[in-house]
Amino acid sequence: MGFRSSLAAALGKSARWAGETFMHRSAGNLPGVIAMKACPSVLADIARKADTAVVVTGTNGKTTTTNLVADCLATSGRAVYCNRDGNNLESGVVTALLVRPEAAQDRSSRPTACFECDEMYTKYVVPRVKPRYFMLLNLFRDQLDRVGEIEHVQDAIVAALEGSPDTVFLYNGDDPLCAGIADRVANRSLAFGIEGDLGLDADRISDSRFCQKCQTALSYDYVHYGQLGAYRCPACGWKRPELAFCARNVRMEDDGYVFEIDGHTVRTGQSGAYMIYNTLAAYAASKASGLVEFDGFERALAAYRPSNGRLQTFCLGERSVMTNLAKNPTGFNQNIRIVLNEGGRVLALFVNDAEADGVDVSWFWDIDFERWSGIEGLKAFVGGSRANDMQVRLKYAGIDARLVENAADVLAATDASDGKVYVIANYTALPPLRRELEELEARAGAQNACADEKEGA
């Protein structure tokens, strides 16, 4: 690493130390921003200290899948670099490489790495990091005022792969928008997907069910959700690719979805259908890496606990609150399915319109909220800077929702007999809710500890 890159890395590390020491918080992007200002090529230079196994991108599921893959890679005994908190711009990847990697049992081996990357930034990150594998989970309409239509995103990902021709492309073969990219690049490509019909109702809105070759409407044997499923073009014959990693015999059990892959039984531990894809993607990356045995993957999956507010459950004494991120119609529709699958009755939606969220909220009207209208005893709440817009959307779906400021207001308006509370929020709305619930959980834990001491006395 040259002098300028070394100086840039030192400046970035100093910025992170200052943030942790004086502001008592870890800066996920600022150290990387400072390092890149000092040396624009710093990412390519510092990436050489790790064998980057995979870069993960896609509209939904990036953070969960990245953390799962990192957990799996850690079972190999190697040190792991990872931007676990979802700081997925180029600056976030730089920051992740500036900090000490996660502890290793095998100190003789070179560290490995797994990074989440925003779709539009892949064209900067992938050519500089040059990962062994580049994983695309799915493509859905998202933040149109920031990234534009999906074709724009596809072009960015194609550019990323063209800039790293030796990188293998791992992609969701059930998504024709992902398969269309595989057909456009010379990189070796491997698809993953689900074999067989999950029996789910098709979403009212699909982002594209047209042939990526001739634009004819695709025919489907079955649709899982959105445009994901088993497709073929009746005009030119283009169809879902052969699946190198395939989930078979998928069924729902009490503790989530279960499926078979390569002769093994895998349990997602979650009731959301998209967790099948996240888990399958983590398996594909683990096996393709050559570093992870199945028992390591199984241990990592069993030990995985959702964090960062994604499918995270908070225990507040007699109350239970689950939080999740949703930032586009498909993400919300999958949360709708989770609530219906689990028989939920208390729903709280928090939506903002900050720059990171996208200021255009017309996508609210593409969400299938009508599916919630038949829930008996439903109690709905809305918060955030666009609470009124969401309240109106729910009204047209036949759902009366109350305005609230925070999660505490939701808990105060309900009780334990109402069951689990489902809090769904977009990008900037989720972090403060998570912090609030962590404080409430800590307080509830302290109260329980005091009660236990009194009983012992």
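## Helix packing and buried positions in a predicted model

In helix α10, T279, A282, Y283 and S286 meet F294, F297 and L301 of helix α11, where contact means heavy atoms within 4.5 Å. The residues of this contact of α10 with α11 divide into five nonpolar, two polar and no charged; in this grouping Ala, Val, Leu, Ile, Met, Phe, Trp, Tyr, Cys and Pro count as nonpolar, Asp, Glu, Lys and Arg as charged, and the others, Gly among them, as polar. The structure is a predicted model, in which local features need pLDDT of at least 70 and side-chain atom pairs count only at pLDDT 80 or more, while totals for chains, interfaces and linings use all residues. Residues are numbered from 1 along each chain as its sequence is written, and side-chain values use heavy atoms, with hydrogens and water left out.

Two packed helices are described by the angle between their axes and the distance between the axes. For α10 (residues 274-289) and α11 (residues 294-303) the angle is about 145 degrees and the axes are 10 Å apart; the axes are lines fitted to C-alpha atoms, for helices over the stretch in contact, and angles run from 0 to 180 degrees between N-to-C directions. The crossing of α10 past α11 is right-handed, a crossing being left-handed if the near helix is turned anticlockwise from the far one by less than a right angle, and right-handed if clockwise.

### The protein as a whole

The secondary structure comes to 15 helices and 17 strands, with helices (H or I, at least four residues) and strands (E, at least two) taken as DSSP runs numbered from the N terminus. The radius of gyration of the protein is 22 Å, close to the 23 Å that the globule rule gives for 457 residues, so the protein is as compact as a globular protein of that length; the radius is taken over C-alpha atoms, and the rule is 2.2 Å times the number of residues to the power 0.38. Along the principal axes, the C-alpha atoms fill a box of roughly 65 × 60 × 45 Å.

Of the 457 residues, 56% count as buried, where buried means under 20% relative accessible area, exposed over 50%, and partly exposed in between (1.4 Å probe, protein chains only). The accessible surface comes to about 19400 Å², of which 48% belongs to carbon and sulfur atoms; these areas come from the Shrake-Rupley method with a 1.4 Å probe, and for residues only the protein chains shown count as cover. Among contacts with a separation of 6 or more, residues 24 or more positions apart account for 70%.

### Helix α9 and strand β5

Helix α9 (residues 176-184) is mostly covered, with seven of its nine residues buried, namely P176, L177, C178, A179, G180, I181 and A182. These buried residues pack against β4 (133-136), α8 (150-162), β5 (168-172), β6 (189-194), β7 (219-225) and β8 (228-232). Y171 lies in strand β5 and, leaving aside its neighbours within four places in sequence, is in contact with residues that include C178, A179 and A182, as well as L190 and P241.

In strand β9 (residues 245-253), A247 is in contact, beyond its neighbours within four places in sequence, with G193, I194, E195, F259, E260, I276 and L280. R248, also found in β9, is in contact with E195, F259 and E260 when its neighbours within four places are left aside. N249, another residue lying in β9, has a positive phi of about 55 degrees although it is not a glycine.

L311 itself is in the loop between α11 and β12 (312-316); its phi is near 50 degrees, a positive value in a residue other than glycine, and at 7% relative accessibility L311 counts as buried.

| Residue | Relative accessibility | C-alpha separation |
|---|---|---|
| Y171 | 6%, buried | 20 Å from F294 |
| A247 | 0%, buried | 4.8 Å from I194 |
| I338 | 1%, buried | 6.1 Å from S271 |
| R248 | 48%, partly exposed | 6.4 Å from I194 |
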